[in-house]
Each structure stands twice: as structure tokens, then as C-alpha cells.
Amino acid sequence: MISRLKSMILGNWGGRVLLTSVVVSSLILTFRQLGVFQGAELRSYDSLISGRKDKALDDRLLVVKITEPDLKSLQEPFIYDETLASAMDKLQQYQPKVIALDIDRSIPMPKVPKGQKREKLEKALQSPNVVAVCALSGLKFEGSPPPPEIDSSQVGFADIPEDPDGVMRRSLLITSPPPTEKEFEVQHFCNDPQGGDRVSFAFLTSMIYLQSLDVTVAPTEEENPRIKMGDAILDRLISDSGGYQNQEMGTYSILIDYRHRVAPSQTVTLGELLNDQVDPQLVKDKIIVIGYDTIAIPDTFLTPFSQGLQENARMPGMILHAQIISQLLGIALDGQKPIGYAPQPLEWLWIITWSAIGGLATFKGFKQLWLVAIVDLGVIGVLFLIVKIAMAGSSLWLPLSPSLVALILTSVGVILIDRVPTVQKMLKISIEIDWEQVRKEADKLVSLSGGVSATKKETELDQEDLEVAEQKAKQSYLEELHKRAKERRKKKPTPSTPATPIIAPAVKVETEENLYTRLQDKMLNLKQRLSSRRGKEKPVVESSISGTSNISGNISGNVSGNVSGNVSGKTLEQQAEIQRLERYIEEVLNNARTIRQQVEK
């Protein structure tokens, strides 16, 4: 049954495409679940992000950079509290919506005598439109506390998760400090696991700005609540979202949709701000993000735009926060779609479909392999185009790497099975008849049938005739046809050269017709003698010979005819055995006919 099913599937081109596609897709999906393709999928994601056109600068934001020349002109190794307070006071004069400080100000800079306060900065931090940062604790890291002068409702964590390759692709909006075996010596807002969820610096800044515009940000009323910003809903990432597999995602995170490869908004320097070189209209009703862009204070990160760059490959932290803020405002106010991904069952279907397409690209009408290669390249181009359009037009992340590998492997697999004889032999695609087994089963049928009273000489004669018929059938037409068919597939004869006629060298006859006639006569003679000994003579139906199936049919007729005439007196077990063996013989004969049809095609 298995061999018959295998013959049905592998015996035609469509079946081979289907089987190869199923096997390859199963392997690809298994390896994908194990995370084998995660690195390749993330790199392809980076290519899709960097391949998009930059959007227009966001006029709702302004970034103030603290640069090396600024610190040098101020003669400060890092921005002092008084300088920072002066910059904040200058900005407040221009009436911004939010001032977001991406600067660690947990201790005075520089240090002040014990008991004294940094009054100027304290006053600036207590303004309700100021947001400060802290750093979340880890298993062994106690985190970095926020400025003690600011209310905790105006503090957001600055942590942005890195992927295994160090690239920033995700934004963590909500999380809580991880539990620790023992309490830290210094307890603060960002290392207390009992304090509940914390919101990120970028998310908190966006919420304050949106609330000033009467745009609601709240969780949905669901079993697993999602964040709703205005009319838009943010879907959280899970461990196997998109190209990620078994990745820790935190409480609530999304993919970062970079607005621009350099900065999402206009930027000015601290020196320009302090020297009154900034247009007040750039500040009025805007979000102002302040942070370092210096080598001495490293706060830079790899992004999807870093591939292949030697210079400026890393993005400053305050620019990265500004990218996330701009994305959240775009989702809430502009109808911008968050970067999404298909549900996992649809991703599986997508990969299986491209695997099948890769097999179909090897259509047997393409006789030359270079034609198949051209078609495959065209199909691969279509795959790249669809994935790129989906990301650029709909912000939809489709699996590229596993689909591409599945397409190529299926195409190569079908070519090997279809056109390489060594692979065909290894997979046993060609149907081979075990003539020795046929002879043994035929003998068993005759012995089970009983009722044959013949002398030893007659029995030996019958056995000899059977062996002659089997030997001639085995050594002549089938093997020679099969051999010549394989040779013709390798080298097709030119029109000017007539094809060599197929003549069985093992049989010393002039034509195939003579061979078949002689073999048929022997079979008919054998059948008459066997039938006469049973005393139940059956009429012999003459039939013309039309190929291998007739020879095999005569053998089957002799064996099955002798058996069926004498089963009546046997036990049920013998009858079942006879029927089983008859089905085996019939299956062998069907296989012989299949070979004949394939060769004729």
C-alpha cells in the first residue's frame, strides 16, 4: 500500500512538487520556531526599515543637544545644575508644552556642600510640564534614581531594550522593576518591585502632551487590556511576534517606527539656546527633548540604519527617545499605523505558499536548467517586491528569510528529484518488479490450490515453462525499455538521426512480435495442461499482445486461473492467503503497466 501511494505521488510532476513543498515547509517552520531564522529575519527587517523614505520632520518636537563644543565653551566636563536650570528657564519663557530631560540628575552636579540645596534647579524641576528620567534596576544593578526634587508622577524610565545583536528595534512602554533576592541598600522609584508598573520616559512625555490637547490615553476594557491613544490601539509584542522567536518582551512593548534616519525633528545646540539664537516659535507649544550628544558621555545606540555605516552608525539616546515620542504622537493624532505583523498561522501559510511556488517554477516544460533559474530569480524578485511594498505602504512585517529559503530549497529539491538519475534511484521513484518474489508467490499459490496430480516429470516441465516465461520477460522488454528511456532523457536524438529501435538483446528473436507470440503460446499451453489435470477445462480467451502488460497478464491468468478453480475445497485461511497473493500479483502487474505508460509518454 505504501509503495503504491509512493508511486502515485512521485509518479507525476505535480505530486513531486507537493511532496517536496510539504517536507521543506515543515523543516523551515520547525527551524523557525527554534529561533534559527531570527537573526536573518531581524536583519531583513532592518533592510526594510532603512529602505523606506524618510518622513517629514515632526514640527511638534525640538531636540536640544548638549555637544562637545558646548561643554568646552562652558568649561564644564558635563552640564552643571546651574547651567541646566538656566537652559530650562530660557525654554519656559517660550512656553513649551513639555520639557523632557534625558539627563541623569540624581545627585548634584557639581557636588554642593552637605546641607545645601541646588535651589535654582529644584525650582526648575518642580514645574508641572517637566519630565525626568531614571534607570530600572536589574538582578545585580540597583538602577539610577530620579532627581529627588521632582514628583514621581513626572518620572519615566529611560531603558530601551536591545535585541541580541545590540540593535534598538523595540520600545518598552510599560514594565516594572524585576524582583530581587534581597533589597537594595538605596530604594528608589525605579528599583522597587512592589511599586507596580512604571511608564517609559517617551510614553510619559507623549501622554502629557496629548492630555494638553484633550486626547485620552487609557487601557481598553478587555481581559488583556491594550493601550488606546485617541482612536488608535497599540498591540503589544509577544514572544514570537513577527521574526522574533522566544524573545522576552517585557510587560508592554511595540516596534519602533523611525521617522527619520538622522533625527525626527529639528535640532539645536545648548550653546545656541543659551545665546538666544533659537527662534521662540520653534519652542512654543512643542515638546523639548534635552540630552547629551558627546563622546565623553556615551549614550548612543545601534539602529536599523546602522547597517554598512562606518561613521555616524550610532544614534544618540535623546534622538532615540524623540523617535519614539514622534511615533506615538503620529499614531494618536495623524492616524499613523503602528508596525504590525501577521498572526502566526497566516505566517505559516505565507511560507508554505512560497515553498509551493518555488516548486511550480521548475515546470517540466522548461527543458533547460537556465530557464528554470531565470524563472526562480523572477519569483524571488516578486517576493522581495511584495514584502517591501507591505512594509512601506501598510507598515506590515512579512517573513522574508524563511520564505526565501523555502522557495529555493523546494525548487532545488524538485529539480534533483525530477532530473538527476542518482536521486531518483536513491528515492526509488522508478518502479522495479521483484521477479524472484513473483515466482515464489506464484509457486505458493499453486501449492495452496491443491488438486494437481501430476508426475514429477510433468511438474518439472511446468516449473521450467514458468521460469522460462519469467526469465524472458525479465531480461527482455521491461528492462531494455526502462534503460533506453533513461538514456533518451539524457540525450535526445536529433531529427536527422533516427532513433535506435529498442530490441531486447537477451532474447534471440528478430522482432518483439515473435517474442510475445512465442511467450503467449507457452502460457496458453501451460494453462491448458494445468486445467486438464484438474478435470475442469476452462476456455482460453485469446488476446493480442500489446506490450509488457499482456505478458504479465498471461502470467497472472495462468496463476490466478489455476488457483480460483480449486479454492472451493480449501479452508478459509487458505482462501484468504490465496486472495492476498492474487492481490500482490495484480499490484505487480499494475506497476508493469505504469512503467509501460511512462515510457510511451
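This is a predicted model: local features need pLDDT of at least 70, side-chain atom pairs count only at pLDDT 80 or more; totals for chains, interfaces and linings use all residues.
Is aspartate 58 buried or exposed? Its relative accessible area is 2%, and the cut-off for buried is under 20%, so aspartate 58 counts as buried.

What does aspartate 58 touch, apart from its neighbours within four places in sequence? The residues in contact with aspartate 58 are Arg259, Pro264, Ser265 and Ser326. With serine 326 there is also a polar contact, side chain to side chain, at 2.8 Å.

Now the chain as a whole. The protein chain has 601 residues, and 46% of them count as buried. Its secondary structure amounts to 18 helices and 16 strands. Take the contacts between residues at least 6 apart in sequence: 77% of these join residues at least 24 apart.

Helix 5 covers residues 81–93, which is 13 residues. From first C-alpha to last, helix 5 reaches 19 Å, close to the 18 Å expected at 1.5 Å a residue.

Which residues of helix 5 are buried? They are Asp81, Thr83, Leu84, Ala85, Ala87, Met88, Lys90 and Leu91. Their cover includes three helices, namely helix 4 (68–74), helix 6 (119–125) and helix 8 (270–274). Strand 2 (98–102), strand 3 (130–134) and strand 12 (287–293) are also among the elements covering them.

After helix 5 comes glutamine 95, which has a positive phi, near 60°. That is where I stop.

Conventions: Residues are numbered from 1 along each chain as its sequence is written. Side-chain values use heavy atoms; hydrogens and water are left out. Helices (H or I, at least four residues) and strands (E, at least two) are DSSP runs, numbered from the N terminus. The expected span of a helix is 1.5 Å times one less than its number of residues. Buried means under 20% relative accessible area, exposed over 50%, partly exposed in between (1.4 Å probe, protein chains only). Contact means heavy atoms within 4.5 Å. A polar contact is a pair of N or O atoms within 3.5 Å; within protein, one must be able to donate a hydrogen and the other to accept it, and residues adjacent in sequence count only if both atoms are side-chain atoms.
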